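This briefing is meant for a reader who is meeting the structure for the first time. Please look over the sequence and the model below, and then follow the notes topic by topic.

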Amino acid sequence: MTQTLWQRYQDWLYYHNGLELYLDLSRVSGLTQELLQELQPRFIRAFQDMAALESGSIANPDEQRMVGHYWLRDADLAPTPDIQRDIRESIDRVEQFAQQVHRGEIKTSHGEKFTDIVAIGIGGSALGPQFVNQAVAPAQPPLAIHFIDNTDPAGIDRLVGDLGDRLHTSLIVVTSKSGGTPEPRNGMWELQRVFRQREWLFAPQAVAVTMAGSHLDQTAQAERWLARFPMFDWVGGRTSELATVGLVPAALQGIPIRELLRGAREMDQVTRIADVKQNPAALLALAWYATGQGQGRKDMVILPYKDSLSLLSRYLQQLVMESLGKEKDLDGHVVNQGIAVYGNKGSTDQHAYVQQLREGLNNFFATFIEVLKDRKSGDWEIEPGITTGDYLSVFLQGTRQALYENGRESITITIREVTPKTVAALIALYERAVGFYASLIHINAYHQPGVEAGKKVAGEILQLQRKLLNTLREHPHGLTLDELAQKVQAPAEIETIYKILRHLEANQRGVEFIGEKHKLAGLMVRPQN
């Protein structure tokens, strides 16, 4: 058994010398030379699809746009001189702005040096910066960063309370491609309200990261915000960490953004090789196909054995699930594809859900992220010949082996240490693997119709809420739920109506119930006295 596994380890181990990155697929039992041979025609198409994408083809048909996040780290690949120039200029501007802030050349309107960043965004505009911040930000950054990544009033209040007077020396970085996405817009409005209440000036501390000409861009320009940085039409949110979306907060924290770009560029270069065994992203896509038979039958459990990488699973949730979770394939057939992603970190999860992973439903494959270097300097032994880092390493090896012995598949990615270069390489590896896997299963990885559907319904519910409030004002003595539903011409939406009213009543927002709340048939609602 040991010899067989050792030979399989050698057969299915990839190593990148420059990045010191290992990809071990030996514990994916369904991965065979026969499967690779069977999928070879699909991989030929996948390499062609990727080459076409990088050359500037329309990869997102819903929005009729190119998909060019790979150009961000190698501007020479961009299809036009204008795009090449825009990329280089944006990176130069980010660096220059951050340096001026650090040196105190750019100050607050009241002459103080900036101390903090409040980054407002949603989805990829928050997950990427949060992940990179936790992974590689300096222990004592020139500016501390805080995030508003939800439209939760209590969460915003808590952040404002924690910052206290430091909000007055905080750069407010608002990231929104269109400027109309509700969550970042609401976060911006909430902070503007706080600034008005305290009689502070918002615009001299505000930075917009948005598309040129967007509503946010126009607002920032009209109000003379401190700075504006461009988002590009051809970069999607989940692949925007190495655009201004991620580079602005990273540079302000003192993270060397050229190292981020260099790590991604090195990974991009090797993942262009049209040979599956020499291409780590193609190998990763092959392993995903093998574990779930090309139908996503198993979940992806991400287990990074390093505290600084604990947000990797959340970052990959969006990248993988938004890219691969599709109802229809490229021919319009219903296929309901996708791979569910979850995880936290080792060895914490050995005391959480690894029990189920080993002995419960065999509906997953694990991905272990191993970091060879334990700490930045020196080490000491807590037992003769043993350090705390040794424990972390053997816990990973033990869990991997325990899963394998019970027929549970796993992938192991090993890096020497967590640096801006290696973190960006991991981002680039997964970006390309998602693209290859999408080609293998014949779907489009670069649009998200399901997200747009949810936004549309949310907008309709807000419209219904406005109708309800207007109608109640016209009936001060109250109406039953059924009567109210009839009045707003939405009898089929009575459950939604009840939930809207329940939320408004809990927040004392102009409505109150008459009767017992759990007896819905006789419940009435009226304007609040």
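Just after helix α9, G254 takes a positive phi of about 85°; helices here are DSSP runs of H or I with at least four residues, numbered from the N terminus. This is a predicted model, in which local features need pLDDT of at least 70 and side-chain atom pairs count only at pLDDT 80 or more, while totals for chains, interfaces and linings use all residues. Residues are numbered from 1 along each chain as its sequence is written, and side-chain values use heavy atoms, with hydrogens and water left out.

**Domains**
- The domain assignment of the protein gives domain 1 (1-65 + 259-447), domain 2 (69-255) and domain 3 (450-527), with bounds that come from an automatic or database assignment.
- Between the C-alpha centres of domain 1 and domain 3 there is a distance of 46 Å.

**Helix α9**
- Nine of the nine residues of α9 (residues 244-252) are buried, so this helix is largely enclosed by the rest of the structure; buried means under 20% relative accessible area, with a 1.4 Å probe and protein chains only.
- The buried residues of α9 are T244, V245, G246, L247, V248, P249, A250, A251 and L252.

**Helices α4 and α10**
- Helix α4 (residues 81-103) packs with helix α10 (residues 257-270) at an angle of about 145°, and their axes are 11 Å apart; axes are lines fitted to C-alpha atoms, for helices over the stretch in contact, and angles run from 0 to 180 degrees between N-to-C directions.
- On the α4 side I91, D92, V94 and E95 meet I257, R258 and L261 of α10, where contact means heavy atoms within 4.5 Å.
- By class, this contact of α4 with α10 has four nonpolar, no polar and three charged residues; Ala, Val, Leu, Ile, Met, Phe, Trp, Tyr, Cys and Pro count as nonpolar, Asp, Glu, Lys and Arg as charged, and the others, Gly among them, as polar.

**The largest pocket**
- The largest pocket has a volume of about 1,000 Å³; on a 1 Å grid over the protein atoms alone, a pocket is an open set of points with protein on both sides within 12 Å along at least five of seven lines, a cavity is a set where a 1.4 Å probe fits but cannot get out, and lining residues have an atom within 4 Å of a point.
- Of the 25 residues that line the largest pocket, T151, P182, R185, N186 and L462 are the closest to its centre.
- Helix α16 gives the most to the lining of the largest pocket, with seven residues.
- Domain 2 (69-255) and domain 3 (450-527) both give residues to the lining of the largest pocket, so it lies between them.

**The second largest pocket**
- The second largest pocket holds about 710 Å³ of space, a volume being the space filled by probe spheres set on grid points that are joined across faces, edges and corners.
- Its lining has 26 residues, of which T181, G237, Q448, E452 and K455 are the closest to the centre of the second largest pocket.

**The largest cavity**
- The largest cavity contains about 110 Å³ of space, and of the 15 residues that line the largest cavity, H69, R238, T239, A445 and Y446 are the closest to its centre.
- Helix α15 gives the most to the lining of the largest cavity, with three residues.
- Domain 1 (1-65 + 259-447) and domain 2 (69-255) both give residues to the lining of the largest cavity, so it lies between them.

Key: Buried means under 20% relative accessible area, exposed over 50%, partly exposed in between (1.4 Å probe, protein chains only). Helices (H or I, at least four residues) and strands (E, at least two) are DSSP runs, numbered from the N terminus.
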